[in-house]
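Me: I would like to learn how to read the packing features of a model. Please take me through them one at a time.

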Amino acid sequence: MPRNQFQRMIFALLTVIITVHGYVFYSLYVVNGKLLMEITGAGSVLEAIRAQGGVYMFGRMLPIWAVVVVEFCFAYALECLVGSPMSFKMACRMFDPKNNHPMIFETAIISCTVLIMCPAMSFIAAFLYYPYYNGFNIFTLLANWIELICHNFPFAFFSQVFFIQPFVRWAFGRLFAKDIAARNKNISVERPKDETEAIADIFKRMDEIQERLEHERRQRKKLAEKIGN
């Protein structure tokens, strides 16, 4: 995980580069590919895009690379300013990074990031891809926004949890291998070797949490008795 502002920006850069390309492919090929081919009579999505003069955005046709650049700028700014800091704070409210397993905490951060970024980027996309040639209507915009969320949210969650973030963490570890090695030089962490040890580790942590909760309950009871006396 990144430890300073520079590393956080690099981590966000890697994430956004992969995510934006994935979303452009998902939107053009998976969601709208069949429609594009039906409208233009083309035999492939790329051929259909060339036939219509590009991808519709800002009320005009733009080449695919321009669409990627525009979405990248919005996504990177939003990730650095809102998504990354807010997702960490939200995850900290649900889990304690010092006491919970790192995988659980990282998954919570990813889930919170998707929860923030998917509706936000879908709202921006609703403006970018709005059919301005038919005039503008706020209800049409909201309907398009909800439709985009419904299309994007499942793809966003599963792709980030199972594909994008594992790859980004691997690439980040390669880029900052020396820094991570120096940071962990004096830290000895015993990780579970198999499924049995992993389950035992989970139950151990659950027992520790239960003990802390019981201790806090006794402390509150003592405090209540003192106040009552």
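**Reading the model**

Reply: Helices (H or I, at least four residues) and strands (E, at least two) are DSSP runs, numbered from the N terminus. This is a predicted model, where local features need pLDDT of at least 70, side-chain atom pairs count only at pLDDT 80 or more, and totals for chains, interfaces and linings use all residues. Residues are numbered from 1 along each chain as its sequence is written, and side-chain values use heavy atoms, with hydrogens and water left out.

Me: Is Gln5 buried, exposed or partly exposed?

Reply: Buried means under 20% relative accessible area, exposed over 50%, and partly exposed in between (1.4 Å probe, protein chains only). Gln5 has 46% relative accessibility, so it counts as partly exposed. For a sense of span, take Gln5 and Met61: they are 56 residues apart in sequence and 37 Å apart in space, C-alpha to C-alpha.

Me: Which residues of helix 1 are buried?

Reply: They are Gln7, Ile10, Phe11, Ala12, Thr15, Val16, Thr19, Val20, Tyr23, Val24, Tyr26 and Leu28. These buried residues pack against helix 2 (33-40), helix 3 (45-51), strand 1 (55-57), helix 4 (64-94), helix 6 and helix 7 (177-183). Contact here means heavy atoms within 4.5 Å.

Me: What does Thr19 touch, not counting residues up to four places away in sequence?

Reply: Thr19 touches Gln160 and Ile164 under that rule. Thr19 lies in helix 1 and is buried, at a relative accessible area of 13%. Its side chain also makes a polar contact with the side chain of Gln160, at 3.0 Å. A polar contact is a pair of N or O atoms within 3.5 Å; within protein, one must be able to donate a hydrogen and the other to accept it, and residues adjacent in sequence count only if both atoms are side-chain atoms.

Me: How many aromatic pairs are there in the whole structure?

Reply: A pair of aromatic rings is described by the distance of the centres and the angle of the planes. Rings of Phe, Tyr and Trp (its six-membered ring) pair if their centres lie within 6.5 Å; planes under 30 degrees apart count as stacked, over 60 as edge-to-face and the rest as tilted. A search of the whole structure finds 17 aromatic pairs. Take Phe11 and Phe172: the ring centres are 5.5 Å apart and the planes stand at 75 degrees, so this pair is edge-to-face. The pair links distant parts of the chain, with Phe11 in helix 1 (residues 5-31) and Phe172 in helix 6 (residues 138-175), 161 residues apart. Phe11 is buried at 12% relative accessible area, and Phe172 is buried at 2%.

Me: Why is the pair of Phe123 and Trp145 classed as it is?

Reply: The ring centres of Phe123 and Trp145 are 5.1 Å apart and the planes are at 75 degrees, so the pair is edge-to-face. Phe123 sits in helix 5 (residues 102-128) and Trp145 in helix 6, 22 residues apart. Phe123 is partly exposed at 30% relative accessibility; Trp145 is partly exposed at 26%.

Me: Which residues form one aromatic cluster?

Reply: Phe6, Phe11, Phe172 and Phe176 do.

Me: At what angle do helix 5 and helix 6 cross, and what is the hand of the crossing?

Reply: Two packed helices are described by the angle between their axes and the distance between the axes. Axes are lines fitted to C-alpha atoms, for helices over the stretch in contact, and angles run from 0 to 180 degrees between N-to-C directions. The axes of helix 5 and helix 6 come within 8 Å and cross at roughly 145 degrees. Their crossing is right-handed. A crossing is left-handed if the near helix is turned anticlockwise from the far one by less than a right angle, and right-handed if clockwise.

Me: Which residues make that contact?

Reply: Among them are Ile110, Val114 and Phe123 of helix 5, and Trp145, Leu148 and Gln160 of helix 6. The residues of the contact divide into 17 nonpolar, five polar and two charged. Ala, Val, Leu, Ile, Met, Phe, Trp, Tyr, Cys and Pro count as nonpolar, Asp, Glu, Lys and Arg as charged, and the others, Gly among them, as polar.

Me: Where does the side chain of Ser87 reach?

Reply: It reaches the backbone oxygen of Ser84 at 2.9 Å. The backbone oxygen of Gly83 lies 2.8 Å from a polar atom of the Ser87 side chain. Ser87 is in helix 4 and is buried at 1% relative accessibility.
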